[in-house]
Amino acid sequence: MEGLKFKAYYLAALLLVIGGCSDGDNGAPSSSPAPTPLVKISGVNFSPFVDGQDPNRGSQVTEEQLTQRMRLIVSYTNWIRTFGSTNGLEKSGAVARVLGLRTALGAWLSKDLAANERELGSLIASAKAGDADLLIVGSEVLLRKDLPENTLLDYIARVKQAVPGIRVTYADVYSELLAHPNVIQAVDVVLANFYPYWSGIKVDSAVAAIHHHYMRVVAAANGKEVFVSETGWPSEGNTIGNAVPSPINAAFFFLNFSSWATQENVTYFYFEAFDEKWKSAYEGPQGAHWGIWDKEGVLKTGMEDVFNGKSMPNNWTGGGIPGGPGSPTIEFLQVPQYGTFANLTGQVLHVDPSAYKVAVYIYVSGWWTKPTFSEPLTTIQFDGSWMTDITTGGIDQFATRIAAFVVPSNYVPLLVGGEATLPASLPRDAVVWREIARNP
């Protein structure tokens with residue numbers, strides 16, 4: 001498969017780099033200037049924070065720091081996207097303008113309404129100063145449930161009224177945008193985030209999954225342009241389902257995604273410019289390793305292929321049924337050990353992922369619907385993989401039996417809360433099912 005060829009290439013390149021470091025240089029970055037890239041990427045998500053800084057703790061950013069960090073990437077990207085407009089970040093647009101970058105400036109919105117007012121005020125001021133090409137009113141506010149939709153819509157309307165003539169938008173994961181058509185209607189351009197890593201999708205199938213979901217957003221956008229506002233792959237961290245973080249996979253995904261975006265004519269902001277240590281406290285170890293460049297500003301091994309103009313052939317259209325034609329099957333890929341809190345992951349083959357979902361139940365002093373009564377079904381991803389949080393309450397970590405049923409996506413399962421047996425209708429209604437025992 002084409003993906004395996006590229007993985008082999010990156011492994012060879014990585015071994016050459018490791019083997020080429022003498023005992024005396026310790027692998028330290030060279031002081032010689034980086035070569036000028038042949039091509040620029042569409043855009044990059046830019047955050048300037050370095051070790052010892054954390055925006056959640058009020059870290060201030062100086063204009064000098066902004067300039068220094070932007071200069072490292074200015075030759076590699078057409079756009080930068082920012083996430084905040086206070087604590088020094090309000091100068092991002094002006095600095096980017098001096099360096100010749102296009103700017104998508106963001107206001108960070110949260111539950112703190114007073115802070116939101118400061119963010120919006122600074123964002124509007126930057127726009128009036130001529131420092132913005134695009135204004136982003138909040139990032140993943142709906143996903144975090146920080147604000148209700150009506151408050152977000154009011155903020156968007158206020159910014160549009162304050163700076164007519166500049167496009168105004170909001171960014172969130174694609175599923176939240178699809179669930180909030182009023183938000184899609186309110187913005188000038190649709191900004192959607194896609195993270196196949198967090199969905200446990202293997203890197204070879206990741207861009208195919210993005211393409212599938214991107215086309216769903218395009219259909220919902222009713223003619224409005226759709227940007228990919230965030231996507232990426234960590235070079236280190238935890239394995240999630242079939243998604244393995246590594247330098248090789250991060251470089252493979254970057255090349256695969258950028259090839260897709262170029263061939264499909266999609267504007268995007270890649271996540272992200274630099275590794276940032278502070279994010280590990282909030283996202284786990286992978287949080288510190290999303291950068292194209294490491295935290296010191298050194299381009300990571302394998303990432304140079306994109307800037308050298310290399311590309312991959314189309315491996316994202318066609319899709320089809322995972323595993324091809326055949327009798328439906330379901331397997332458990334990762335069953336958490338008894339007493340632990342990891343997620344349950346599995347694989348479904350020979351069914352259309354868009355037409356089916358998985359109903360999961362655990363037995364701990366009775367059977368229980370998982371992950372929750374309000375979310376009784378688990379989505380099957382583009383490649384047939386699925387992942388369910390089975391420890392959402394009580395003593396779930398001590399469950400001794402786990403059952404999973406592949407049912408039609410419009411199926412309404414009976415909610416089970418401590419019953420001795422599962423509903424008799426489940427095996428009849430499912431196209432396939434599996435149960436396992438788990439011992440202390």
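Lys-145 is exposed, with a relative accessible area of 65%; exposed means over 50%, buried under 20%, and partly exposed in between, using a 1.4 Å probe and protein chains only. Lys-145 sits in the loop between helix H5 (141-144) and helix H6 (149-162). Here helices (H or I, at least four residues) and strands (E, at least two) are DSSP runs, numbered from the N terminus. This is a predicted model, in which local features need pLDDT of at least 70 and side-chain atom pairs count only at pLDDT 80 or more, while totals for chains, interfaces and linings use all residues. Residues are numbered from 1 along each chain as its sequence is written, and side-chain values use heavy atoms, with hydrogens and water left out.

Asn-222 also deserves a look, and the table sets out both residues; each has a positive phi without being a glycine.

| Residue | Phi | Relative accessible area |
|---|---|---|
| Lys-145 | near 60° | 65% |
| Asn-222 | about 55° | 68% |

Asn-222 is found in the loop between helix H9 (203-221) and strand E7 (226-230).

Next come the cis peptide bonds. One joins Phe-271 and Glu-272, with omega about 5°, and Glu-272 belongs to the loop between helix H10 (247-264) and helix H11 (280-283). The bond from Lys-370 to Pro-371 is cis too, with omega near 10°; Pro-371 lies in the loop between strand E11 (367-370) and strand E12 (378-379).

Is Ser-85 buried or exposed? Ser-85 is buried, at a relative accessible area of 4%, in the loop between strand E2 (77-81) and helix H3 (92-99). A polar atom of the Ser-85 side chain lies 2.8 Å from the backbone oxygen of Gly-106. Beyond its neighbours within four places in sequence, Ser-85 is in contact (heavy atoms within 4.5 Å) with residues including Glu-90, Gly-106 and Glu-119.

Now for a sheet. Strands E8, E9 and E13 form an open, antiparallel sheet in that order, where two strands pair if DSSP finds at least two bridges between them. Strand E8 (329-334) and strand E13 (385-388) are the edges, each pairing on one side only. Four bridges join strand E9 (residues 344-349) to E13, and Gly-346 has Trp-386 of E13 as its bridge partner.

Finally, the whole chain has 13 helices and 16 strands. Of its 440 residues, 52% count as buried. Its C-alpha trace spans about 70 × 55 × 40 Å along the principal axes.

Key. Polar contact = N/O pair within 3.5 Å; in protein donor to acceptor, adjacent residues only side chain to side chain.
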